[in-house]
Amino acid sequence: MPTYELIVYGCQMNDYDGEKLAAIMEAAGYERAAEGDAADVVLVYTCAVRQSATARALGRITSLARVKKDNPRAIIGVGGCWPAVESDVIERACPHVDFTFGTTELENVPAALAEISGERGPSVPAEVSPLRKSWPRANVAIMRGCNNFCSYCVVPYARGAETYRPADDVLKEVEELLRAGFKDITLIGQNVNSYRRGEVTFARLLKKVDALCDGVFLRFITNHPRDFGDDAVDALAQGRNVARHLHLPLQSGSDAILHAMNRGYDMNRYLDVVSKVREAVPGICLTTDLLVGFPGETEAAFEETYRALEEIRFDSAYVFIYSSRPGTAAAALEDALPRAEKVNRLQTLAARQRAISLEINRGLIGEETVALVEGRSAKNAGEHAGRLSESKIVNFGGKARAGEFIAVKITAASPWTLRGELVT
Ligand code: SF4
């Protein structure tokens, strides 16, 4: 059997696409190469959301030139968001790449391989189930693409306009996962809140999935503060299995910058959503994304973001430095802020957030709660790692099996993880 290696970068949607691509390759007669073995086909699935992501992928793709040197018949393909927006860069920098493919062309990969090798491959069934590699957790795509055109973001260009999966397909996939024993299901999409298929809105879909997920954590990501309506707040609060976690990207605490980012909401709207969610689900874990150094972000605008961090007190925040992406509206704006100042702003926010996260997590010490055991702890050898409904990781010792829910008492906290002991 010919072998393949698959290297996936980026977000949960890319992970999901990677699982689908693996299933397509195996349906087409390829076998995953053993770790360290040279593969007949190497596929790199890329992210283009930040310049650092494409630089990382470029480094890896460049290094694949030696694969071709050792085996001139090897085939190298590059897919995902990056070739959709900068295929010319890949072609120029990496002449050893045989073909590129977009996020909607996964099914065409075996045909492209057959054409390049000159060998006819077996036909691939139209419907393949993703080859999951994340048990007991699994992602289910409910929509793809994005219509929002935030001025800094390449996703609408890379992944195209929004498309929504039929609700019945989503429910069928969730049922299959539950039958296979998955215990933590995440509905994913670039903006799940804008899901609408006929009469089924995001809130209605969440309720339908919740009704299936008895005794399983049900999550969804990612959300948009403009589109997270009262019906979504209700579905989050009333869902018996919906996890107590909301990731709600803020990006900036300055109305002027939010406007320049074309985000479609202001701080009033964001704070309104937060207060409704916190009122409906007291103690919910709230996380966010922040972007510093957007063109025109003055010191005063940055301070507004800092104040928003203080006021909202997120459980955690992913802070990124703005980088210009090709073809976006913001790429035409003057990006005058020195890199050192952007780094300074990132570090200032990250340090304050670390302190807030630690305060919040310390407040959980002494609580007894339920965690889903995910596997071995990455932090403490010989221990297990579990995930709470709030999506926080708790490390603990004792006997436990991946995939089981356990009762745990929180005994210590860091900004990033918790420590606990089994409650018998
Ligand atoms: S909502 Fe904005 S940031 Fe999110 S994927 Fe769409 S364009 Fe990008």
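Figure 1. The axes of helix α8 (residues 202–212) and helix α9 (residues 230–238) come within 8 Å and cross at roughly 15 degrees. Axes are lines fitted to C-alpha atoms, for helices over the stretch in contact, and angles run from 0 to 180 degrees between N-to-C directions. Helix α8 is therefore roughly parallel to α9 (angles under 35 degrees count as roughly parallel, over 145 as roughly antiparallel, 65 to 115 as roughly perpendicular and the rest as oblique). The crossing of the two helices is left-handed; this term applies if the near helix is turned anticlockwise from the far one by less than a right angle, and right-handed applies if it is turned clockwise. Phe202, Ala203, Leu206 and Lys207 of α8 meet Asp231, Ala232, Asp234 and Ala235 of α9, where contact requires C-beta atoms, placed from the backbone, to lie within 7 Å. By class, this contact of α8 with α9 has 5 nonpolar, no polar and 3 charged residues. Ala, Val, Leu, Ile, Met, Phe, Trp, Tyr, Cys and Pro count as nonpolar, Asp, Glu, Lys and Arg as charged, and the others, Gly among them, as polar. Helices (H or I, at least four residues) and strands (E, at least two) are DSSP runs, numbered from the N terminus. Residues are numbered from 1 along each chain as its sequence is written. Because the model is predicted, local features need pLDDT of at least 70 and side-chain atom pairs count only at pLDDT 80 or more, while totals for chains, interfaces and linings use all residues.

**Figure 2. Packing of helix α7 against helix α8.** Helix α7 (residues 167–179) packs with α8 at an angle of about 25 degrees, and their axes are 10 Å apart. The two helices are therefore roughly parallel to each other, and their crossing is right-handed. On the α7 side the contact is made by Ala167, Val170, Leu171, Val174, Glu175 and Leu178, and on the α8 side by Leu205, Lys208, Val209 and Leu212. This contact of α7 with α8 comprises 8 nonpolar, no polar and 2 charged residues.

**Figure 3. Packing of helix α12 against helix α13.** The axes of α12 (residues 299–312) and α13 (residues 339–362) come within 10 Å, crossing at roughly 10 degrees. This makes α12 roughly parallel to α13, and the crossing is right-handed. Phe302, Thr305, Tyr306 and Leu309 of α12 form the contact with Arg345, Thr348, Leu349, Arg352 and Gln353 of α13. By class, 4 nonpolar, 3 polar and 2 charged residues take part.

**Figure 4. Residues around the ligand.** The ligand has around it Cys146, Asn148, Phe149, Cys150, Cys153, Val155, Pro156, Gln190, Asn191 and His224 (a residue is near a molecule if its C-beta atom, placed from the backbone, lies within 6 Å of it). This shell divides into 6 nonpolar, 4 polar and no charged residues.

Terms used: Contact = placed C-beta atoms within 7 Å.
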